[in-house]
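Hello,

Here is the structure I promised to pass on to you. Have a look at it first, and then read on for what turned up in it.

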2 protein chains.
Amino acid sequence: MDEKDFERIDEAACRRFQSSIELAGRKWNGAILLAGMRGARRFSEYRTLVDGISDRLLASRLKELEYEGLIEREVRPTTPVSISYTLTPSGRQLITLLQPLTEWGHAHALERAGGIAVAS
Amino acid sequence: MDEKDFERIDEAACRRFQSSIELAGRKWNGAILLAGMRGARRFSEYRTLVDGISDRLLASRLKELEYEGLIEREVRPTTPVSISYTLTPSGRQLITLLQPLTEWGHAHALERAGGIAVAS
DNA sequence: GTAAGCTACTTATCAATAGTAAGCGACAGG
DNA sequence: CCTGTCGCTTACTATTGATAAGTAGCTTAC
């Protein structure tokens, strides 16, 4: 966590960092990936697990995440057709990397509420 | 990285995760924090390091990040007054946690370009 | 058999956010 | 004076998000 490690990051790494975090952090995307990790497969399962999202945004986010290669859409020709969305290895890796944020969010919330200092 | 670890995440952890990632991943926020980590202090330094951001958005993002406790705004009564924005410990911790994304972004880009499979 | 409901969407409309451009007051340098 | 920097703000347009409703194809309940 030394500042020095960050001072000589090149431009390409910065752009990669920015686009990665903005993809993962775009509204609902994090929660959708987390839902997939928690076992959601069908459209309606995602809608249940991702609290507050509308059908319209869920549909467009799933399309976007599929395009980005984080989710795979599979149509099974049952009757009626059932469609399942599963995380790709890339998507699983991403959310695994991001998991420590949960702990950070907890600590950060405590700090803001109670004013407890945190070690640098 | 077992899926099982994610299946019994409680509601509170999900909400924390979502709000944390959406704060960090909101457009420009990641790049601004990274700029701070790379040594930016003055408004104009951030503007230079964060490629493509406008004055208007930089000002509003800095205000937001200050409100969230990730950045500290300090007014020094020189003539003319100079204002410096530094990362708080919380902000530094956050970007340190997120740093692995750079590597992920690289691997993910390669995978998308070349179709090379990645281990789960 | 018909009314109601589920599934995976799309369409329409409106509010919120982001992008672009310009300006502003206090200075400083030429 | 004229131009330029600093740290913003204001005004306006474009993009994105939220809310609500509609849809085709099917299943279930009465």
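A definition to begin with: a residue is called buried at under 20% relative accessible area, exposed at over 50%, and partly exposed in between, with a 1.4 Å probe and protein chains only. This is a predicted model, in which local features need pLDDT of at least 70 and side-chain atom pairs count only at pLDDT 80 or more, while totals for chains, interfaces and linings use all residues. Residues are numbered from 1 along each chain as its sequence is written, chains are lettered from A and ligands numbered from 1 in the order in which they are written, and side-chain values use heavy atoms, with hydrogens and water left out.

By that definition Trp28(A) is buried, because its relative accessibility is 13%. Most residues other than glycine have a negative phi. Trp28(A), however, has a positive phi, near 85°. Its place is the loop between α2 (11-25) and α3 (29-37) of chain A; helices here are DSSP runs of H or I with at least four residues, strands are runs of E with at least two, and both are numbered from the N terminus.

In chain B, Trp28(B) also has a positive phi, about 85°, without being a glycine. Trp28(B) sits in the loop between α2 (11-25) and α3 (29-37) of chain B, and counts as buried at 13% relative accessibility.

Now for chain A as a whole. Seven helices and two strands make up its secondary structure, in the order α-α-α-α-α-β-β-α-α from the N terminus. Its radius of gyration is 18 Å, well over the 14 Å of the globule rule for 120 residues, so chain A is more spread out than a compact globule. That radius is taken over C-alpha atoms, and the rule is 2.2 Å times the number of residues to the power 0.38. Along the principal axes, the C-alpha atoms of chain A fill a box of roughly 60 × 40 × 20 Å. Of its 120 residues, 42% count as buried.

Last, a helix pair in chain B. The axes of α6 (residues 89-98) and α7 (residues 100-114) of chain B come within 5 Å and cross at roughly 30°, the axes being lines fitted to C-alpha atoms over the stretch in contact, with angles from 0 to 180 degrees between N-to-C directions. The contact (heavy atoms within 4.5 Å) involves Thr96(B), Leu97(B) and Leu98(B) of α6(B) with Pro100(B), Leu101(B) and Thr102(B) of α7(B).

Best wishes
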